Amino acid sequence: MNTLTFLQGLLTLHVTGLILMAGTTIVDYSAFKTFWELIDKGQERSTGLLEATSKFSRLAGIGAALLILTGIGMMALTHGVFGEQLWFRIKFGLVIILILNSLLVGRRQGLKLRKIMTTSGSDTTGQVDSLRASLNWFYLSQLIIFFVVIFLSVFKFN
């Protein structure tokens with residue numbers, strides 16, 4: 001196998017990692033939208049939907065690991081040629097922000113919501129509303145960052 005074929009294989013896996021991360025975020029966001037609709041209608045099955053979404057973070061983590069490992073592999077194969085370009089530096093920073101935002105904001109907010117929903121009492125409405133707004137901002141920011149990362153990857157500028 002020659003270097004170009006190996007590089008193309010790594011790039012394919014790299015894009016697959018990005019698709020896993022972005023796709024999982026979109027599906028998770030859709031599930032949370034449905035969850036909020038069920039909550040607004042006062043339906044008890046909302047907690048089952050919330051429980052189902054807890055598995056999505058593992059897929060996003062696999063995508064992130066694939067993205068990082070293949071990115072390192074491509075940098076090694078190209079001897080870091082992209083590392084000096086401005087578009088790559090911006091993209092790299094945004095991917096780090098995506099991962100940190102997911103771990104530090106999204107995960108924490110999701111865990112808080114699950115905890116509140118399992119110990120639901122009459123005084124949790126304000127907390128749930130606050131988490132709802134926070135999670136909406138989280139998903140919106142993640143999706144915007146994904147768009148910018150893809151944009152930078154397609155329109156490479158110097």
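Me: Helices are DSSP runs (H or I) of at least four residues, numbered from the N terminus. Where does Leu100 lie?

Reply: In this predicted model, Leu100 lies in helix H4, an element that covers residues 86-118. The secondary structure of the protein chain comes to five helices and zero strands, so that from the N terminus on the elements read α-α-α-α-α, each helix being numbered in that order. Along its principal axes, the C-alpha trace spans about 60 × 30 × 20 Å.

Me: Which residues form a nonpolar patch on the surface?

Reply: Phe92, Ile96, Leu100, Leu103, Leu104 and Val105 form such a patch, with about 520 Å² of accessible area together. Leu100, the residue of your opening question, counts as partly exposed because its relative accessibility is 44%, which falls between the limits for buried and exposed.

Me: How many salt bridges does a search of the whole structure find?

Reply: The search finds two. In one of them the side chains of Asp40 and Arg132 meet, at 2.9 Å from N to O; this pair links distant parts of the chain, with Asp40 in helix H1 and Arg132 in helix H5 (residues 125-154), 92 residues apart. Asp40 counts as exposed because its relative accessibility is 52%, whereas Arg132, with a relative accessible area of 23%, is partly exposed. The other salt bridge joins Arg89 to Glu84, with the closest N and O atoms 3.1 Å apart. Arg89 is partly exposed, at 46% relative accessible area, while Glu84 is exposed, at 61%.

Me: What is the nearest side chain of opposite charge to Asp28, and how far away is it?

Reply: The test is whether a side-chain nitrogen of Lys or Arg comes within 4 Å of a carboxyl oxygen of Asp or Glu. For Asp28 the nearest side chain of opposite charge is that of Arg114, 5.4 Å away, and this aspartate is therefore left without a salt bridge although it is buried. Asp28 is found in helix H1, which covers residues 3-40; leaving aside its neighbours within four places in sequence, Asp28 is in contact with Thr53, Phe56 and Tyr139.

Me: Finally, which loop holds His79, and is this residue buried or exposed?

Reply: His79 is found in the loop between helix H3 (56-77) and helix H4 (86-118). Its phi is near 55°, a positive value in a residue other than glycine. Because its relative accessibility is 73%, His79 counts as exposed.

Notes:
Residues are numbered from 1 along each chain as its sequence is written. This is a predicted model: local features need pLDDT of at least 70, side-chain atom pairs count only at pLDDT 80 or more; totals for chains, interfaces and linings use all residues. Side-chain values use heavy atoms; hydrogens and water are left out. Helices (H or I, at least four residues) and strands (E, at least two) are DSSP runs, numbered from the N terminus. Buried means under 20% relative accessible area, exposed over 50%, partly exposed in between (1.4 Å probe, protein chains only). Lys and Arg count as positive and Asp and Glu as negative; His and the chain ends are not counted. Contact means heavy atoms within 4.5 Å. Patches are made of residues with over 30% relative accessible area and no salt bridge: like charges are joined within 9 Å, nonpolar side chains (Val, Leu, Ile, Met, Phe, Trp, Tyr) within 5 Å. Accessible areas come from the Shrake-Rupley method with a 1.4 Å probe; for residues, only the protein chains shown count as cover.
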